[in-house]
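Subject: Structure handover and findings

Hello,

Here is the structure you were waiting for. My notes follow below it.

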Amino acid sequence: QVQLVESGGGLVQAGESLRLSCAASGSISSINAMGWYRQAPGKQRELVAAITTGGSTNYADSVKGRFTISRDNAKNTVYLQMNSLKPEDTAAYYCNARARRIGERRVNVYWGQGTQVTVSS
């Protein structure tokens, strides 16, 4: 089984920063990509940022220039540095990974439990 554990969420004021971490563990053969999604009350879950093993990145337009995703492949860990936070960034943030388990050919998507980020005015 593959487990993802997020940390780093919290309550901050607008303009401040947070750094989220997500570590993957379990019977992992390989990880193709890791990323962060978020879901605010009443809204759909949306992609925030993603990164491949090779380092290619993808960001939502709303966070470009403010958020940075990075990955430590040796630790199977992904980070999200969030600067200049805005109230509209308030959401539950979920880590995910596209990974192969040992003994499996297919790539599945795995999700963490979520961590809350709240930005006040």
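First, two terms for what comes next. Strands (E, at least two residues) and helices (H or I, at least four residues) are DSSP runs, numbered from the N terminus. Two strands pair if DSSP finds at least two bridges between them.

This is a predicted model, in which local features need pLDDT of at least 70, side-chain atom pairs count only at pLDDT 80 or more, and totals for chains, interfaces and linings use all residues. Residues are numbered from 1 along each chain as its sequence is written, and side-chain values use heavy atoms, with hydrogens and water left out.

**Overall build**

The chain has eleven strands and zero helices. Its radius of gyration is 14 Å, close to the 14 Å that the globule rule gives for 121 residues, so the chain is as compact as a globular protein of that length. That radius is taken over C-alpha atoms, and the rule is 2.2 Å times the number of residues to the power 0.38. Along its principal axes, the C-alpha trace spans about 50 × 25 × 20 Å.

Of the 121 residues, 41% count as buried. Buried means under 20% relative accessible area, exposed means over 50%, and partly exposed is in between (1.4 Å probe, protein chains only). The chain exposes about 6400 Å², and carbon and sulfur atoms supply 45% of that area. These areas come from the Shrake-Rupley method with a 1.4 Å probe; for residues, only the protein chains shown count as cover.

A contact means heavy atoms within 4.5 Å. Take the contacts between residues at least 6 apart in sequence: 56% of them join residues at least 24 apart.

**Strand β4 and its partners**

Strand β4 covers residues 28–39 and pairs with β9, residues 91–101. The two run antiparallel over ten bridges. Y37 has Y94 in β9 as its bridge partner.

β4 also pairs with β5, residues 46–52. This pair is antiparallel too, with six bridges. Here W36 stands opposite A49. The hairpin of β4 and β5 has six residues between the strands, and G42 takes a positive phi near 80° there.

**R38**

R38 lies in strand β4. Is R38 buried or exposed? R38 counts as buried, at 6% relative accessibility. Its side chain makes a polar contact of 2.9 Å with the side chain of E46. Another polar contact, also listed at 2.9 Å, joins the side chains of R38 and Y93. A polar contact is a pair of N or O atoms within 3.5 Å; within protein, one must be able to donate a hydrogen and the other to accept it, and residues adjacent in sequence count only if both atoms are side-chain atoms.

Leaving aside neighbours within four places in sequence, R38 touches residues including V48, F67, E88, D89 and A91.

**Salt bridges**

How many salt bridges does a search of the whole structure find? It finds five. A salt bridge is a side-chain nitrogen of Lys or Arg within 4 Å of a carboxyl oxygen of Asp or Glu.

- D89 and R66 meet through their side chains at 2.8 Å, N to O. The pair links distant parts of the chain, 23 residues apart: D89 sits in the loop between β8 (77–82) and β9, and R66 in the loop between β6 (57–59) and β7 (67–72). D89 is buried at 1% relative accessibility, and R66 is buried at 12%.
- R38, E46, R66 and D89 are linked in a network of salt bridges.
- E104 and R101 meet at 2.6 Å, N to O. E104 is partly exposed at 26%, as is R101 at 22%.
- K64 pairs with D61, the closest N and O atoms being 3.1 Å apart. D61 is exposed, with a relative accessible area of 64%.

**L4**

L4 is placed in strand β1, residues 2–7. L4 is buried, with a relative accessible area of 5%. L4 and C95 are 91 residues apart in sequence, yet their C-alpha atoms are 7.1 Å apart. Beyond residues up to four places away in sequence, L4 touches C22, M34, C95, Y110 and W111, among others.

Best wishes
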